[in-house]
Amino acid sequence: MNVKNEKNNEIEKFLNFESKYCFDYEIDNVLVWKYLREFIYDEYIHKVYNTQNRVPSYSNFKFGVFFIGQLFRLFSINNDLTHKDIVFLNFPRKTRIDGCYQCPQLEPLIRKFEGNCCILENPFWIEDKSYLVSHFEQKKDNMIYTDKIEILHRLRIILLVLFKRKEFKKKYHKKILYFCNDINNNLCLKIDNDKLINQIFWYISFEKYALNQYRRILKRLSPKCLIEVYTPNHHIALMNTVAHELKIPIIDVQHGAIGEYEPIMYSYHKKYNYPHLSDYIFCFGDYWKKKKNFHVNDKCVIPVGVPFLENQVHKVDNHANRKDTIVIISQARYSKLFYNLAEELQKKFKKTSKKILLKLHPYEYSLYNQGYYRKLIQNGVQVDAGLEKHLYTYFENAQCVIGINSTALYEAIAFKIPIYIYNNKYGTENLIELSKSVALIQIFNDVEDLIDKIEQNGKVVMLDDSNDIFSTNAMSRTVMAIKQICDIEIS
């Protein structure tokens, strides 16, 4: 299986621009691009491909009510900070598994190194249960919540805005204006300069305050490595910056599909020791090493597999289930597209035994709460928006899985389920190329084409070799790779 490296000129344009202008751009001794990158990229992709927003918007009032409800966390007391060999930075989006919320990517490792590790919980700040579930269960003895840092900063920013922002704007207005103009002129955007100034002010204020907080935590724990599920947000960017400063190796455990360009958090033109990124990437399998745009060298991209996935595949293999559900994997940038697709499939298969299930991305949780999918549900489509069941549960009864470029599509291949890929404008390069050698993958252009393919697919074609995508013996491979990086003893 080969990744087809076909250049996307639009994304190349973005990567070229940032490699020349952005990574050494400092304001008040802070490299601000590590905080702005995802926002600017989202604006760029939205303009180029007319996609929906990656994260649905919500009102300042609603966030204010949500924030007030979190203030009690100011009084939470951290555990005693004592040395641990490993610090795990959990992915805050969790799923209920075996009765409790877990980070599937890291939970098997946490259990493996239990007694010799510390877990940092750092929920994202949006009004979404999926990011706060870690607080709904009993706190583990080796778990430290860092919410307090975010809460205190959001409280102190009120005073900073009143007494410091005017001075900041006056001092850096011209420099930020030039940078904003460079962004707009090179990427054909219309970023508002005042909005950019306010964002930069917020992030610089956060780093100036939180840097010492994170430095204190990591110094006290003094770990041999930091293992994380990387996602671009200011907490992880700053935590990684501190870890680099303290010479703590950072290992990023892959949690999503990685194309030649998407997600952008794994695409850089220059291989470089970026302060906000990892030193190593533990990827799903050899297939993913073929990507050219990683920020680290090939030797630092280590195929280890996915312990949780491997265990679940074995469980499903041992159970014979009725395959009667068409599972659609929605994604936030394409909420409307998948809504329409589910609606059309429900009309087509309403009088058959087939069930239509639309599995939402957690970023679409707000849309669900707003009643966006109410009519779809009334028409008989099962819409699942919460995290009360893990994705793999839906695969047990899946006749097929439909999507664009979600990780779930690759995982469905591991379960030997046929997948149908919408021939989208960008982001599908890997799966289109894989469809030439993997019979389980089919590409469709519209709803009629998809329905024809579903009706013609009378049998499941077995995958010849999925080990290239997901390495086997995942736990032993992962433990061996960790030991090679930082020589940790396993009790």
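Buried here means under 20% relative accessible area, exposed over 50%, and partly exposed in between, with a 1.4 Å probe and protein chains only. In a regular strand the side chains alternate between the two faces of the sheet.

A word on the source. This is a predicted model, in which local features need pLDDT of at least 70 and side-chain atom pairs count only at pLDDT 80 or more, while totals for chains, interfaces and linings use all residues. Residues are numbered from 1 along each chain as its sequence is written, and side-chain values use heavy atoms, with hydrogens and water left out.

Overall, the chain has 17 helices and 17 strands. These are DSSP runs numbered from the N terminus: helices are H or I with at least four residues, strands are E with at least two. Of the 491 residues, 58% count as buried. Among contacts with a separation of 6 or more, 74% are between residues 24 or more positions apart; contact means heavy atoms within 4.5 Å.

Two strands count as paired if DSSP finds at least two bridges between them.

Going through the pairs, strand 3 is joined to strand 6 by 4 bridges, with Phe 88 partnered by Ile 119. Strand 3 is also joined to strand 8 by 4 bridges, and there Val 87 has Leu 226 as its partner. Strand 8 (residues 225-228) and strand 9 (residues 250-253) share 3 bridges, Glu 228 being partnered by Asp 252. Strand 9 then joins strand 10 (residues 280-283) through 3 bridges, where Val 253 stands opposite Phe 282. Finally, strand 10 and strand 11 pair over 3 bridges, with Cys 283 opposite Pro 303.

On to one residue in helix 7 (residues 193-221), Ile 217. Ile 217 is buried, with a relative accessible area of 2%. Beyond neighbours within four places in sequence, Ile 217 is in contact with Leu 81, Leu 120, Thr 146 and Ile 149. Leu 81 is 136 residues away in sequence, yet the C-alpha to C-alpha distance is 7.1 Å.

Last, the second largest pocket, with about 360 Å³ of space. A pocket is an open set of points on a 1 Å grid over the protein atoms alone, with protein on both sides within 12 Å along at least five of seven lines; lining residues have an atom within 4 Å of a point. There are 20 lining residues, and Phe 23, Asp 24, Tyr 272, Tyr 274 and Pro 275 are the closest to the centre. Helix 1 (9-21) and helix 2 (33-49) each give two or more residues to the lining, and helix 1 has the largest share, 4 residues.

Terms used. On a 1 Å grid over the protein atoms alone, a cavity is a set of points where a 1.4 Å probe fits but cannot get out, and a pocket is an open set with protein on both sides within 12 Å along at least five of seven lines; lining residues have an atom within 4 Å of a point. Grid points are joined across faces, edges and corners, and a volume is the space filled by probe spheres set on the points.
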